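Please keep the sequence and the model in view while reading.

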Amino acid sequence: MLVIFHPIQLICHKIWGYDAHRKSVAILNWFLMQTQLPLFNTFDFKFKEELPVGPSYIFVSNHQSMFDIPPLIYHLRHYHAKFIAKKELAKGIPSISLNLRIGENCAIDRKDARQSIAALIKFAKNVFEKKRSVVIFAEGSRSRTGVPKPFKTKGLLTLFKYIPDAIVVPVTVNNSWKVDRYGKFPYGIGNKISVLVHEPIPIAGRNGEEIIAQAESVVHGAVTSTAIDS
């Protein structure tokens, strides 16, 4: 799927522009979810509250595996959600690296704080100007056991500063850690990967640290399955 959609993305981007490219990425991620059906892994995506299209949202999620990403891209497509990812993903991977480079996403060098902040500021300004939305895995790295990690605050505070009218939306992913806990082989079988989008939290006029603490509590409070529990 990644190889097939790489030239499709390029053609859509170069000939028809932003909207066509965005739709091609959404379709790709729908197909990526279907690739899990032979392993009886399914996806369930729910909104606790309807989110109107228009405002800039900052979707703040936990991170369990690479299979968190396709349902988020597909189901948040109407909000023009852009991702923040490590720079290593921006080259060498068909479709994924291309989308990071041309799809208004943000690639950061986690070993270079200055580059990371500069990239985030440029990214946030574009989000604010064009009324895009953001998906950020606030824990910073995946949890292969599903056990939540503390949220990192610097990136979120930068987004709050440069997208002052944004609305924070906590998101909890469950069970995707079971699919690739052991890497690419063997994949887990018969798992229901669920994504729950919680009620929005306006940030205007509020302390950033308090918003992050509230979002972290909501996200982590809805984690239902970890390796420790089993």
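Helices (H or I, at least four residues) and strands (E, at least two) are DSSP runs, numbered from the N terminus. The structure is a predicted model, in which local features need pLDDT of at least 70 and side-chain atom pairs count only at pLDDT 80 or more, while totals for chains, interfaces and linings use all residues. Residues are numbered from 1 along each chain as its sequence is written, and side-chain values use heavy atoms, with hydrogens and water left out.

**Overall fold**

- The protein chain has 7 helices and 8 strands, and its radius of gyration of 17 Å is close to the 17 Å that the globule rule gives for 230 residues, so the chain is as compact as a globular protein of that length. The radius is taken over C-alpha atoms, and the globule rule is 2.2 Å times the number of residues to the power 0.38.
- Taken along the principal axes, the box filled by the C-alpha atoms of the protein chain is roughly 50 × 45 × 35 Å.
- Of the 230 residues in the protein chain, 49% are buried, where buried means under 20% relative accessible area, exposed over 50%, and partly exposed in between (1.4 Å probe, protein chains only).
- Among contacts with a separation of 6 or more in the protein chain, 75% come from residues 24 or more positions apart; contact means heavy atoms within 4.5 Å.

**Helices α1 and α2**

- Helix α1 (residues 2-16) packs with helix α2 (residues 18-34) at an angle of about 165°, and their axes are 7 Å apart. The axes are lines fitted to C-alpha atoms, for helices over the stretch in contact, and angles run from 0 to 180 degrees between N-to-C directions.
- The two helices α1 and α2 are therefore roughly antiparallel to each other, on a scale where angles under 35 degrees count as roughly parallel, over 145 as roughly antiparallel, 65 to 115 as roughly perpendicular and the rest as oblique.
- The contact is made from the α1 side by Leu2, Phe5, Ile8, Gln9, Cys12, His13 and Trp16, and from the α2 side by residues including Tyr18, His21, Val25, Leu28 and Leu32.
- By class, this contact of α1 with α2 has 12 nonpolar, 4 polar and no charged residues, with Ala, Val, Leu, Ile, Met, Phe, Trp, Tyr, Cys and Pro counted as nonpolar, Asp, Glu, Lys and Arg as charged, and the others, Gly among them, as polar.

**Helices α5 and α6**

- Helix α5 (residues 113-130) and helix α6 (residues 154-162) have their axes 9 Å apart and pack at an angle of about 35°.
- In the contact, Ile117, Leu120, Ile121, Phe123, Ala124, Lys125 and Phe128 of α5 meet Lys154, Gly155, Thr158, Leu159 and Tyr162 of α6, which by class gives 8 nonpolar, 2 polar and 2 charged residues.
- Within α6, the residues Gly155, Leu156, Thr158, Leu159 and Phe160 are buried, and the buried residues of α6 pack against β2 (57-61), β3 (81-86), α5, β5, β6 and α7 (208-221).

- Serine 133 is in strand β5 (residues 133-137) and is buried, with a relative accessible area of 0%.
- Although serine 133 and isoleucine 58 are 75 residues apart along the chain, their C-alpha atoms are separated by 5.9 Å.
- Not counting residues up to four places away in sequence, serine 133 touches several residues, among them Pro55, Tyr79, His80, Lys82 and Val127.
- Histidine 80 lies in the loop between α3 (69-75) and β3, is buried with a relative accessible area of 18%, and has a phi near 55°, a positive value in a residue other than glycine.
- For context, most residues other than glycine have a negative phi.

**The loop between β6 and β7**

- Asparagine 175 is placed in the loop between β6 and β7, where it is buried with a relative accessible area of 14%, and its phi is near 80°, again a positive value in a residue other than glycine.
- Asparagine 191 is also in the loop between β6 (167-174) and β7 (192-197), and is buried, with a relative accessible area of 12%.
- Leaving aside neighbours within four places in sequence, asparagine 191 is in contact with Phe40, Asn41, Thr42, Lys178 and Val179.

**Lysine 48**

- Lysine 48, found in the loop between β1 (42-47) and β2, is partly exposed, with a relative accessible area of 48%.
- Lysine 48 and leucine 196 are 148 residues apart in sequence and 7.2 Å apart in space, C-alpha to C-alpha, and lysine 48 touches Leu196, Val197, His198 and Glu199 when residues up to four places away in sequence are not counted.
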